[in-house]
Amino acid sequence: MKKKQDCRIHHVELSPAKPRALPAALEAIREADLLLLGPGSLYTSVIPNLLVEGVPEAIRESDALKIYVCNIMTQDGETEGYTAADHVEALMAHGARVDLCLANSAPVGAGLLERYRAEDAAPLVVDRERIAALGLELAERPLASEGGDFARHDPDQLASAVLELYRRRAVRIFRGKNRYIIEE
């Protein structure tokens, strides 16, 4: 029925609504040099963190480089038919602001494609023009793991890409005891 109606999730709620963030979590966000959102299920892993009181504001107010790491595949019942820009728009609708969208550019193996197709999932389409229209930088890197039974990010390639993007955009200047100022 859902697929025939082309229904999309519009929002997520927590129960109880608006739980308070731990002060240490908000402090960690404020002091971070780099904030990553994702990868993970958009509505059941990433967005619920944005529903905690104070977290979206702390992210928006942070001077850290904020990167959204796109999933490699869509997810049946959650993001089928979504593009990378759809994911970012959902994050924005829930209060997040990011600077950069990091997406996979490596092909997913044919065997995995068939398996995911049976689950109504597909490789995430990176709609470059819409991402640019949202005011985000887009970085595409080969992030998919080459083996395994699931389409997953290769942890070494993901870490390498994130660090390369961070290094390219940030200069760290030592200012006193364990304090850094980031300048773009």
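How much space lies in the largest pocket? The legend to Figure 1 takes that up, and the other views follow from there. Please keep in mind that this is a predicted model.

**Figure 1. The largest pocket and its lining.** About 340 Å³ of space lies in this pocket. Its lining is made up of 17 residues, and those closest to the centre are M73, T74, Q75, Y116 and R152. Sorted by class, the lining has 7 nonpolar, 6 polar and 4 charged residues.

**Figure 2. The chain as a whole.** The chain contains 8 helices and 6 strands. Read from the N terminus, the elements follow the order α-α-β-α-α-β-α-β-α-α-β-α-β-β. Of the 184 residues in the chain, 42% are buried. Among contacts with a separation of 6 or more, 79% are between residues 24 or more positions apart.

**Figure 3. The largest nonpolar core, seen around L37.** This core has 34 residues, and L37, L42, I47, Y68 and L91 touch the most other members. At least two core residues come from each of α2 (23–31), β1 (34–37), α3 (42–50), α4 (55–61), α5 (84–93) and β3 (100–104). Leaving aside residues up to four places away in sequence, L37 touches V46, L50, I67, Y68, V69, L91, A96 and V98.

**Figure 4. Helix α5 and its cover.** Helix α5 is mostly covered, with 7 of its 10 residues buried. You can pick out the buried ones as A84, A85, D86, H87, V88, A90 and L91. Among the elements that cover them are β1, α3, β2, β3 and α7 (128–133). Just after α5 comes G95, which takes a positive phi of about 100 degrees.

**Figure 5. A close look at D86.** The side chains of D86 and R130 are joined by a polar contact of 2.9 Å. Setting aside residues up to four places away in sequence, D86 touches R8, G81 and R130.

Figure 6. You will find N71 in the loop between β2 (65–69) and α5. Although N71 sits in a loop, N71 counts as buried because its relative accessibility is 13%, against a cut-off of under 20%. Its side chain reaches the backbone oxygen of G40 at 2.8 Å. Beyond residues up to four places away in sequence, N71 touches P39, G40, S41, L42, L124 and H153. One of these, L42, also belongs to the residues that touch the most other members of the largest nonpolar core.

Figure 7. G147 is partly exposed because its relative accessible area is 40%, which falls between the cut-offs of 20% and 50%. How far apart in space are G147 and G109? C-alpha to C-alpha, G147 and G109 are 8.6 Å apart, while in sequence they are 38 residues apart.

Note on methods:
Residues numbered from 1 in each chain as written. Predicted model: local features only at pLDDT ≥ 70, side-chain atom pairs only at ≥ 80, totals over all residues. Heavy atoms only, no water. Core = buried A, V, L, I, M, F, W, Y, C linked by side-chain atoms within 4.5 Å. Buried < 20%, exposed > 50% of the residue type's maximum accessible area, 1.4 Å probe, protein only. Helix = DSSP H or I, 4+ residues; strand = E, 2+ residues; numbered from the N terminus. Contact = heavy atoms within 4.5 Å. 1 Å grid on protein atoms, 1.4 Å probe; cavity = no way out; pocket = protein on both sides within 12 Å on 5 of 7 lines; lining within 4 Å. Points joined across faces, edges and corners; volume = space filled by probe spheres on them. Nonpolar A, V, L, I, M, F, W, Y, C, P; charged D, E, K, R; others polar. Polar contact = N/O pair within 3.5 Å; in protein donor to acceptor, adjacent residues only side chain to side chain.
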